[in-house]
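Work through the following exercises with the sequence and the coordinates open, and compare each step with the solution given.

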Amino acid sequence: MDIKKLQTLVVDALEDVKAQDIVLFDTTHLTSLFDRIAIASGTSNRQTKALAASVRDKVKEAGGNVYGMEGEDTGEWVLVDLGDMIVHIMQAPIRAYYRLEEIWGDKPVKLGAAKRKGTKEAEEAEPKKISSHLAAGKKAAAAEAVVEKKPAARKPAAAKTTATAATKKAAAKPAAVPAGKKIKVGAPKTTVAAIKALKASPKPRTAKPKAEEAPAKTVIKRIKKSEE
């Protein structure tokens, strides 16, 4: 079986049973015994056994070979030998203790690349890429509606000045007063200034009128006529 198809089957089988921290490494430069090594974690003995069984069943269904399984009795560390690929399913404390990533992890394989579809159905479902230099590969630009904005008609200068003068005249006219209401009209500024000036100027002192002098008494003496 092709190694790319095999690694895809393994990763899918591990994800089906919700494995944690799945990693995949290329080991062709380290050993000639196998080309890939996969490491995944399980939360319990039961889950690690279920993960190993899922990998085994999925590979067999696809026509692959399973050469052996180890560690199923305890479930702490289950190893599945697929020939070109070795799968280690471990519980978190065991994985942290042995640190297999430090031994085999020189060339990690991205899970996106590992899960490239190798089946014919997936290849047919995946759209084929067309070279961008070909005319068929270029997307036709979507036609966009163009809205032309007409420039606003400018008013002649004479019309503007007439409108401005009419507005000023309207503002100068007092508003109409409804009947029955009293309006206070302010005094002109000149009158107000004159009143202020009069109030500010000192008052002239007027002489008090003297008491009227008593009229002179006229004494009329009667003169007796002398007897003749």
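The pLDDT is the predictor's confidence in each residue, from 0 to 100, and contact means heavy atoms within 4.5 Å. The model is predicted, so that local features need pLDDT of at least 70 and side-chain atom pairs count only at pLDDT 80 or more, while totals for chains, interfaces and linings use all residues. Residues are numbered from 1 along each chain as its sequence is written, and side-chain values use heavy atoms, without hydrogens and water.

**Exercise 1.** Describe the surroundings of serine 54.

Solution. Begin with its place, which is in helix α2, residues 45–61 (a DSSP run of H or I, at least four residues). Serine 54 is buried, its relative accessible area being 14% (buried means under 20%, exposed over 50%, partly exposed in between, with a 1.4 Å probe and protein chains only). Its side chain then reaches the backbone oxygen of alanine 13 at 2.9 Å. Finally, leaving aside neighbours within four places in sequence, serine 54 is in contact with Ala13, Asp16 and Val17.

Methods:
Helix = DSSP H or I, 4+ residues; strand = E, 2+ residues; numbered from the N terminus. Polar contact = N/O pair within 3.5 Å; in protein donor to acceptor, adjacent residues only side chain to side chain.
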